[in-house]
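Here is a short briefing to read alongside the coordinates.

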Amino acid sequence: MRRGGSAPCPAATRTTMTVDYPTLARTVAALTEGEDDAVALMATLACEIHHSDDRFDWTGFYRVTAPGLLKIGPYQGGHGCLVIPFSRGVCGACARSGETQLVPDVEAFPGHIACASSTRSELVLPVRDRSGAIIAVLDIDSDLPDAFTEADATALQDILDATFAR
Ligand code: SME
């Protein structure tokens, strides 16, 4: 962005927002206190997480709606695929294995489902209820390559566990 005249915008005004996890965790805890409806919780988390960080271009949940099947849940960003079998894509791999999928390069992930051609990297985390059953996955996509770290995965998993497994 340029601000008047021909002078270039000072570098200091070009800020990139990265997530402040302690603040995000406190905000989510306050907003969701006493709520146990899964869709209400997912909608609130999708909004709060998505807007906490400029790296996140699509943030949302795929819910386990039948054995081996994921369907789209609350999300922020462009439209997402409606149905993903456990056998397909990064989300399917997470739901199938119960393991976090940190994918620095989606082109290198066999079977990656490209809902948006701009996506370069992804982080997908399992969402478990109090019994430990996987009820959904949280999918965060970035248009930047290698956008996610282990620290992102750990902090986001803590927020998911505190919200859905309480
Ligand atoms: N890329 C995901 C599909 C979901 S969309 O990107 C929103 C995957 O391969 O699981």
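How far apart do the end C-alpha atoms of residues 26-160 lie? They lie 13 Å apart, and the span is 30% helix and 30% strand; helices (H or I, at least four residues) and strands (E, at least two) are DSSP runs, numbered from the N terminus. This is a predicted model, in which local features need pLDDT of at least 70 and side-chain atom pairs count only at pLDDT 80 or more, while totals for chains, interfaces and linings use all residues. Residues are numbered from 1 along each chain as its sequence is written.

**Confidence and annotation**
- The chain has a mean pLDDT (the predictor's confidence in each residue, from 0 to 100) of 91, with 90% of its residues at 70 or more.
- Residues 1-14 have pLDDT below 50, and beyond near neighbours in sequence this stretch makes 5 contacts in the model; a contact means C-beta atoms, placed from the backbone, within 7 Å.
- Where pLDDT is low, the predicted coordinates should not be read in detail.
- An unreviewed UniProt entry lists residues 26-160 as "domain: GAF"; such annotations may be inferred rather than shown by experiment.

**Around the ligand**
- The ligand has 14 residues around it, of which Gly80, Gly89, Cys91, Ile113 and Cys115 come nearest; a residue is near if its C-beta atom, placed from the backbone, lies within 6 Å.
- α3 (89-97) and β6 (134-142) each give at least two residues to this shell, and α3 has the largest share, with 3 residues.

**Helix α3**
- α3 is largely enclosed by the rest of the structure because 7 of its 9 residues are buried; buried means 20 or more other C-beta atoms within 10 Å of a residue's own, exposed 12 or fewer, and partly exposed in between, with C-beta atoms placed from the backbone.
- The buried residues of α3 pack against β1, β2, β3 (83-85), β4 (101-103), β5 and β6.
- Gly98 follows α3 and has a positive phi, near 75 degrees.

**Nonpolar core**
- The largest nonpolar core has 33 residues; such a core is a set of buried Ala, Val, Leu, Ile, Met, Phe, Trp, Tyr and Cys residues joined through C-beta atoms within 7 Å.
- Phe61, Cys91, Cys94, Val124, Leu125, Val137 and Leu138 have the most contacts inside this core.
- Leaving aside neighbours within four places in sequence, Leu125 has contacts that include Cys94, Val137, Leu138 and Leu160.

**A loop residue**
- Asp146 sits in the loop between β6 and α4, and its phi is positive, near 50 degrees.
- Asp146 is exposed, with 12 other C-beta atoms within 10 Å.

Definitions and conventions: Contact = placed C-beta atoms within 7 Å.
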